[in-house]
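I wanted to write down what I looked up, entry by entry.

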Amino acid sequence: MNKLEVVNIQKEYEGSPLLKGISFEVNTGEVLCLLGRSGSGKSTLLRIIAGIEDCEGGQVLWNHEDMAAVPTHLRRFGLMFQDYALFPHLDVHDNVAFGLKTQGQNKQTIEQKVSAALEQVNLAGFARRSVTDLSGGEQQRVALARALAPEPRLLMLDEPLAALDRALRAQLQEELRQVLHHAGIPSIYVTHDQDEALALGDRIALLNEGQIVQIGSPEEVYRHPRSEWVARFLGMENIFEGKIIRLNPLTVSTGFGELEVANKDNKRLNIGDVVKVVLLSKDAEISDAKKKGTLLTVIESVFKGDHYRTVGKNDKGEKLVINLKFKTHPNEKIKVDLEATNPRILV
Amino acid sequence: MSANGKSGRLGRTLLWLIPLAFLAAFFFLPLGKILATAARSALENELGLSSFKQALSPLWFTTWQAALSTVLTLLLGLPSAYLYSHYRFRGKRLMRTLTTLPFILPTVVAVAGFTALLGPRGLLNLGLMKLFGLDQPPIMFMNTLWGILLVHVFYNTTIVLRVVGSAWSQLDPRWEQTARMLGASKRQALREVTLPLLRPSILAATLLVFLFDFTSFGVILMVGGPYFSTLEVAIYQQTMSLFNLPLAGILAVVQLLCTFVITWIYSKINGIRRVPLMPRLEGEILRQARSLKEKVALCGMNSLLALLLVAPMLALVLRSFLRLAADQGNRGSFTPGFTLQYYTQLFVNSNQSIFYVPPVSAALNSLLFALLTVVFSLVLGTLTVYAIFHNQRSQRWLDVLITLPLGASAVTLGLGFVITFNRAPLNVRHFPLLIPIAHALVATPFVVRSLQPALNSIPTSLRQAASVLGASPVNVWRKVDRPLLRRPMLVAAIFAFTISLGEFGATSFLARPETPTLPVAIYRYISMPGELNYGQALAMSTLLLVLCGLSIYLLEKLQPEGMNEI
């Protein structure tokens, strides 16, 4: 059982703190997604783990052994850069063979492993191609093969899909998932795209202002965002205040009517407490006049294929974004049912 | 570009016809004459094989001194290229400015500086003699190989520093980091990744340095003295001292062939596809020196560079104010003192003077020629740039043609003029305009290099907008092009001015005794005995140094922001 531990990492950038005490661990076969905005220090964290960059404080431990004294090239960690950094003076084969050669493996083994690695990423037959002639997707696969070929103890990927177009991204995301889970080593996957993180991570760590604000399985993180920042970052747009009016079932009175909310955390709540409510889903339905519902004035309604993204406001001017099946018109008054939107309390 | 009728077409033809005619008359014709002279003498067998043998000895020396100089230059240049592309440090801007000095410093000034420091009458020798009571200068600099090598290293380290340094600073650091992640040690990463990626720039810098050392003229002539003769010096001596024009022609052909081959290889190397990726953040790889080792390396390298670049110039200025009064009855002993005599004597037409004019008139000649060079080269350069602009297809050949005079050495140019223009009205003896014409041949490529990017960067839409607003083609040029080109024009003018001011190779063939330029006067004075002559050479060199320093200052000021890395 292999394990990478990162303990209280601190890093300054041009005089101001970039990472303020980052701690987490990754175990064999696990993919940890580091999710955060660009510039939040995700890549820097990878570089610190790799030993390319120094940090002001904290430790990187591999199976409890401190890596501080181990230089980059002896750590046997793999790192794939965002723009791949393929060696332009070497062809595909020699790029993939690079790590094997530095390990001093014999020629035959190198040939076998290079072929195997290229096959794994569906690039068999590309061995003698120049890396500068490859498409973005092909370059990405070469980089992955190169990182995996020397059988690193840990694999780190820095926004591996960011440079690709959307259609390719979806396809490679699927391939990456299989390769990562097949590799059987701890992996750290850095991204700013929440969909990618949810799809690829066994666990997700959200990084904001130099700290990990939440860490957990994709389901946990998505269903129980711990702060407004996390909720917004995961794509939830409807966050508003409400007052608790009933404890069983837990009910909150908001500008959009009374909403029954789940409260998994069993936090101590009292009637009269003011809380933040988030709607996990935007799926809503127009309800007919007789049923209960929320009155909205439509601001805009935009066709999005399988739904109309509808922005409306209540009589206090608070905005709500919901997905409706029907087109509505600006200034139209509608009544919507928010039962399917899965309201939660943020604390 | 829409056609503007016949006059427009005629105008555009003149754009390239005028520079072409100039090149034909003043470059290709002299070159052809040299070839013809060499061919004739070879065919007539009056010199033939034996003269080619005579060319072999200088060719051999030219080659190996150039190779040795290049190796020494790389030994100093490559480590400094690494340090300058990877570290931030205080005083980097100043050092950057200092390292531009050799680009613009005339050979005669550099040599004068080195003699003022290391020569028999230089500060170091005088100091040591005084200190130990010696009557012979202990340091031998003049007429030695190491003297030549030292000045060559002084001149060319900057090229390695700039060419390799800028390539290194633009090398994506992730390549090296990736290599390290894949298990390569620092040394392995350097050998397997960094050096292969830098190879084109290192090769380019090496060849450029080799070419400059190969065609070195003034340094060899003045420092090497009678013992060392390169092809250039041999051409000069055969022409000016022995009047053996056929042999000089053959030497020039050998020289041309060699430079042609080197230049050809150079352009091949530059054609190699460059690495596309760049660091994402500007200055991403620049860091502060932290460890003691790094600090010592930086400090040592900078001291060495500063010593190499500054010490000779400082010695030059100091020595030009130093009077040596010999102590009575004690040979070799003297008392130093401050004097302005070397400067005041510049205005006197002393009977000692080898010219019929006071040295200060050399300065006036130089200024006049430099101004004429600015006019000639700006006109030619501007015409060329617009010719290329209006007919992009012409770029390939016009650009190459206008750059060719740089490939032929200045000495060859001078020889060509001497052979070609020997009849009235174009006679080197009576037509001093040939000097600025020769200078303009050398300066125009720089003018083109300076103007072309600026002209290309003017968006076509700007001119179209002006046309739509009712401006005639002439007014479009006046209102759009001219203001935007003013700065690069000024840069080009300063370049041309400085090139002309310091040009020695061609001028040494063309300047008549009564119309010397500053470098020619300095050369004559520095090789003459007598304290006053030497002092006056130093005083003139100091003046030239100040003028060049002023040019560098102005060029730095005019340099657009963001071009100051490395």
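**Strand pairing**

I began at A:Tyr308 and looked for its bridge partner, which turned out to be A:Leu324 in β18(A). I keep in mind throughout that this is a predicted model.

I then looked up the pairing to which that bridge belongs, and found that β17(A) and strand β18 of chain A, residues 319-324, pair in the antiparallel sense over six bridges. The hairpin of β17(A) and β18(A) has five residues between the strands, and I noted that A:Gly317 takes a positive phi near 90° in this hairpin.

Next I turned to the pairing with β16(A), where six bridges join strand β16, residues 294-303, to strand β17, residues 308-313, both of chain A and running antiparallel. Two facing pairs went into my notes: A:Thr297 stands opposite A:Lys313 in β17(A), and A:Glu300 stands opposite A:Val311 in β17(A). β16(A) and β17(A) also form a hairpin, with four residues between them, and in its turn I found A:Gly305 with a positive phi of about 95°.

Which strands form the open sheet, and in what order? I read off five strands of chain A in the order β15-β19-β16-β17-β18, with antiparallel pairing. The edge strands are β15 (285-286) and β18 of chain A, each of which pairs on one side only. As a reminder to myself, strands of a sheet pair through backbone hydrogen bonds, either parallel or antiparallel.

For the second topic I asked how many cavities of 30 Å³ or more the structure holds.

I listed its lining as A:Val121, A:Gln140, A:Arg141, A:Leu144, A:Leu172, A:Glu175, A:Leu176 and A:Val179. The elements that give two or more residues to this lining are α5 (136-148) and α6 (166-183) of chain A. Which element gives the most to the lining of the second largest cavity? I found that α6(A) does, with four residues.

How values were computed. Residues are numbered from 1 along each chain as its sequence is written. Chains are lettered from A and ligands numbered from 1 in the order in which they are written. This is a predicted model: local features need pLDDT of at least 70, side-chain atom pairs count only at pLDDT 80 or more; totals for chains, interfaces and linings use all residues. Side-chain values use heavy atoms; hydrogens and water are left out. On a 1 Å grid over the protein atoms alone, a cavity is a set of points where a 1.4 Å probe fits but cannot get out, and a pocket is an open set with protein on both sides within 12 Å along at least five of seven lines; lining residues have an atom within 4 Å of a point. Grid points are joined across faces, edges and corners, and a volume is the space filled by probe spheres set on the points. Two strands pair if DSSP finds at least two bridges between them.
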